[in-house]
Amino acid sequence: MKKQLLFLLLFIISSSVIAQSVQVPDVIYFGGLKLKLTNRARKIVQTDVDNILRNPKYLQIKIDRANIYFPVIEKIFKEEGIPDDFKYLSLQESSLVPDAVSSSNAVGYWQFKKESAQEVGMSINHEVDERMNIVASSRGAAKYLKRNNAVLNNWIYALLSYNLGLGGVKSKVKDKYVGATEMEIDDDMHWYVLRFLAHKIAFENYVGKTPAPITLVEFGDCHKKSLKDISGETNIPLETLIEYNKWLLKNKVPDDKNYVVVLPVNSDNKDLIAAVTKNQSTVTQQPVKNKDRIKVKLNSKTEILASLPEPSQSSSTEDNELVIIVEVNGVKAIKAREGDTPARLALRAGIAVDALLKYNELRKFDKINPGQFYYLQMKRTKALVLFHTVQEGETVWSIAQKYGIKTSALRAKNRMEKNESLKPGRVLWLKRKRPKNTPVEIKKIEPVKITEKVQVAETGKSSENKVVKQDSIKVNNDSNKNEIKETVVNNTASVDVSETDGEYHLVKAGETLYSISKLYNVSPDSIKAWNNLENNAIQVGQKLKITIANQKTGYIIHEVKQGDTLYKITREYGITIDELKMWNDKQDLNLKIGEQLKIYKK
């Protein structure tokens, strides 16, 4: 009885301490910004802080959850390079309840909608929902915030984009605060930002002050294991594992990619923590077995993520094959191999089978074609090039796959009925919608004359309808420089084109598709579309059609200054980010001080 009274007394004392009011300061530091709150803004934040602290019981529950989950979130945010204070956003979004669901069907710790979660790499299907996985969802939130801050160059606006989206936040952006180090927060600031500041102020003095009863350890060696199996291995009660791994909808780990099971380990069980940490380090930071992930830029429009095999004892030759992942229209895609099925392809790509089928608009019984690229993310609603002329045998799906756009978008842009077939020679609009008063254009497809004499690189010997082109790609992998040599064998042909009025470019020795595109200020993809090229290979003497009439003729140079972002520059000149990136062959949103950008007159 005495113990119970003592416990009650301690609870009342601790609750009274927690319930004490916290005063909102005039200046708050967040994400490298010095935030100066006006009196009106400070009063709004103070009201929110008081509301958060009003109920000691529920406040203590949130503090306890934060003490358990924040170490995981802090580690991930440090790895991703975003401000640590964003961890308080998880309390604002879900109170760190794993299966929280909003009225708009946002789910999990970070309240992701299904499409947004899949865009940042989370799997959602009948077996798993990684929005309820603290590791996967926290990394997804970090990627989302980091991506948006690259455009907005202000962590407050990046924070607001989490609620409004990148498109919705643009109307709230003030140019003077883009790239700024100080910012005034008035009562006209969006409520979402003020509510976040209240959570940061209310919780930062209480979270982490007392040790958490458990430590969350990431357990990675779990392919095809059930939670019951893991419980037997770790002596952690099954009910406890289920409580912290609600993302496993069937209590069993699939084998379509690397997943992380969270082990709630008693903080005093140091032996188990040490054993698991040593042998099962964070899987999300480990490459696929026997592979290191690297990035290789091939040209202005294509980026390869190649997996290089380590010199180790491999279980099979296939595990050590080079995995090639390219970007088409800004969407990552993987090259299929002989004998691939959707399941095998998804496993190698590290995504769920259902996701692979969805991204590529496939059915489960559709055949995977060797050599074709299949997308690992949602395709876009528009392409990088303007038009495509339909060739014999092409379908809406095959053209949509070629340019990385959705079939529904392709049909909509060309005002096509759902089951309307394609006629060879039809000119399809890929970037903009064909105006209603513009009739469908059908071009006459001329037969191609094939010349029998084709050169073979480096040997000088003739070959029948084959050319071997060997490209070297230099890669910097840690401190070691590796050289990947990819030999591409294509059936090719020389095209006999008569002299024209200057709309054609005659390929000279040493020229590449990229250098020619720079010459005429067009994209390499546009040249490929105008000439129906399947890849970037061109030959000396080949004549390439260049549609100069569609290009801008005059431009100015903008030199990047401190605080400039693509968003700020596009607003200054009244252009789009896509135009600025295309004109300057930029693949990302990063800028360097002193960099010179072309701005074409409209």
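Tutor: Let us start with Phe 30, whose bridge partner in S2 is Leu 33, and keep in mind throughout that this is a predicted model. That pair belongs to the link between S1 and strand S2 (residues 33–37), which run antiparallel and are joined by four bridges. In general, the strands of a sheet pair through backbone hydrogen bonds, and they may do so in a parallel or an antiparallel way. Here the sheet is an open one made of three strands in the order S1-S2-S3, and its pairing is mixed. Strand S1 (27–30) and strand S3 (182–185) each have a single partner strand, so these two stand at the edges, and one side of each is left without a neighbour in the sheet. If you look along the sheet, you will find that its neighbouring strands are turned against each other by 25° on average, when direction is ignored. Across S1, S2 and S3 lies helix H7 (residues 155–169), which runs at about 75° to S2.

At its start, a side-chain oxygen of Asn 55 comes to within 3.1 Å of the backbone nitrogen of Lys 57. Further along, H3 bends by about 45° at Tyr 69, and Pro 71, a proline, follows within four residues. Tyr 69 is also one of the buried residues of H3, and others among them are Leu 59, Ile 63, Ala 66, Ile 73 and Phe 77. After H3 comes Gly 81, with a positive phi near 80°.

Ser 95, in the loop between helix H4 (88–94) and helix H5 (114–119), has a positive phi near 55°, and Asn 235, in the loop between helix H9 (227–234) and helix H10 (238–244), has a positive phi near 65°. Ser 95 counts as buried because its relative accessible area is 17%, under the cut-off of 20%, whereas Asn 235 counts as exposed because its value is 68%, over the cut-off of 50%.

Notes: Residues numbered from 1 in each chain as written. Predicted model: local features only at pLDDT ≥ 70, side-chain atom pairs only at ≥ 80, totals over all residues. Heavy atoms only, no water. Bend = angle between axes of the 7 residues up to and from the residue. Buried < 20%, exposed > 50% of the residue type's maximum accessible area, 1.4 Å probe, protein only. Polar contact = N/O pair within 3.5 Å; in protein donor to acceptor, adjacent residues only side chain to side chain. Pairing = 2+ DSSP bridges. Axes fitted to C-alpha atoms, helices over the stretch in contact; angles between N-to-C directions. Contact = heavy atoms within 4.5 Å.
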